[in-house]
Amino acid sequence: MATGRTHRPATRSRGIPEATVARLPLYLRALTALSERSVPTVSSEELATAAGVNSAKLRKDFSYLGSYGTRGVGYDVEYLVYQISRELGLTQDWPVVIVGIGNLGAALANYGGFASRGFRVAALIDADPAMAGKPVAGMPVQHTDELEKIITDNGVSIGVIATPAGAAQQVCERLVAAGVTSILNFAPTVLSVPDGVDVRKVDLSIELQILAFHEQRKAGEGAAAEAASAAERGGAVDAVDAVDMSATDADAPETGGGAVNRKGPDGDVPAVMPA
């Protein structure tokens, strides 16, 4: 049993690095937005900016697809959409089951982006008998007792787990035993799967913790910068004071009472009278 595998052997055998595969959906999203605006061509720099990567990396990624663009023109948007969609397997229909129809599962069921990207939600499944038959996103929820039959009848190879952590491994094993070979896991736990089964994990709490780390670091850096700035300002004030005092001591003799004797505007009246 392997734990939390995320690679795709078939893709690797074709010579496309996994890091490139992970960026293809970013390019596709940016290209789809351009296509919807009827933009015919795009430069590598423009597309890289839209996808959030650098242009050199983008050109390297596209070289694995056999797409090099045209100098002075750029990439054909519609052709790239087709190329990347074909590479990602999105030119065919992928039936998906979602197991665990709580708040998160229901939100996923209502997500309209699945259908537009080649994924058809074939069934919603939950272990709670009270949920059976209830409509969610226009589909009746089915009980987990029917899981294996649903997968077989619909030819499902992709399963989404949105159950509590304690139930996720058992659900995973049933999905795999029924023929599912790819799993998207939203449960806050690591799944053990056999070779040949791919798992992608989405843990919202971990992502938030990573963001909290960066926020804490930024706050620390901000405090340090403010302290350094204050120290610099304090040093500058001390230096100015020192210059003023040295100039005063050099130019004006002390009076008997210790006050500094400065000449007035007429040149003969002390600006500060002695004590």
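Modeller: Isoleucine 151 counts as buried, because its relative accessibility is 2% and the cut-off for buried is under 20%. Bear in mind that this is a predicted model.

Start with the element. Isoleucine 151 belongs to helix H8. Helix H8 covers residues 147-154. Now the neighbours. Leave aside residues within four places in sequence, and isoleucine 151 is in contact with Val156, Leu175, Ala178 and Val180. Isoleucine 151 and valine 96 are 55 residues apart in sequence. In space, their C-alpha atoms are 8.9 Å apart.

Leu175 and Ala178 sit in H9, where they and Arg174 meet Leu147, Glu148 and Ile151 of H8. By class, this contact has 4 nonpolar residues, 2 charged residues and no polar ones. Helix H9 runs over residues 165-178. The H8 and H9 axes lie 9 Å apart, and the packing angle is about 40°. The two helices are therefore oblique to each other. The crossing of H8 past H9 is right-handed.

Leu175 takes us one step on, to strand S8. Among the residues that isoleucine 161 touches is Leu175, and Leu175 is also in contact with isoleucine 151. Isoleucine 161 lies in S8, which spans residues 158-161. Its relative accessibility is 0%, so isoleucine 161 counts as buried. Its contact list, again without residues up to four places away, includes Ala168, Val171 and Cys172. Val99 is on that list too, as are Ile183, Leu184, Asn185, Phe186, Ala187 and Leu191. Isoleucine 98 and isoleucine 161 are 63 residues apart along the chain, yet 6.1 Å separates their C-alpha atoms.

For comparison, take another helix pair. Helix H3 covers residues 44-51, and helix H4 covers residues 55-63. Their axes are 8 Å apart, at an angle of about 100°. That angle makes H3 roughly perpendicular to H4. On the H3 side, Ser44, Glu45, Leu47 and Ala48 take part in the contact. On the H4 side, the residues are Ser55, Leu58, Arg59 and Phe62. By class, there are 4 nonpolar, 2 polar and 2 charged residues in this contact.

Serine 44 deserves a word here. Serine 44 has a relative accessible area of 9%, so it is buried. Its side chain makes a polar contact with the side chain of arginine 59, at 2.8 Å. Another polar contact joins the side chains of serine 44 and glutamate 45, at 3.2 Å. Beyond four places in sequence, serine 44 touches Ser55, Leu58, Arg59 and Tyr75.

Last, the whole chain. The protein chain has 275 residues, and 32% of them count as buried. Isoleucine 151 is one of the buried residues. The secondary structure comes to 10 helices and 11 strands. Of the contacts with a separation of 6 or more, 53% join residues 24 or more positions apart.

Technical notes
Residues are numbered from 1 along each chain as its sequence is written. This is a predicted model: local features need pLDDT of at least 70, side-chain atom pairs count only at pLDDT 80 or more; totals for chains, interfaces and linings use all residues. Side-chain values use heavy atoms; hydrogens and water are left out. Helices (H or I, at least four residues) and strands (E, at least two) are DSSP runs, numbered from the N terminus. Buried means under 20% relative accessible area, exposed over 50%, partly exposed in between (1.4 Å probe, protein chains only). A polar contact is a pair of N or O atoms within 3.5 Å; within protein, one must be able to donate a hydrogen and the other to accept it, and residues adjacent in sequence count only if both atoms are side-chain atoms. Contact means heavy atoms within 4.5 Å. Axes are lines fitted to C-alpha atoms, for helices over the stretch in contact, and angles run from 0 to 180 degrees between N-to-C directions. Angles under 35 degrees count as roughly parallel, over 145 as roughly antiparallel, 65 to 115 as roughly perpendicular and the rest as oblique. A crossing is left-handed if the near helix is turned anticlockwise from the far one by less than a right angle, and right-handed if clockwise. Ala, Val, Leu, Ile, Met, Phe, Trp, Tyr, Cys and Pro count as nonpolar, Asp, Glu, Lys and Arg as charged, and the others, Gly among them, as polar.
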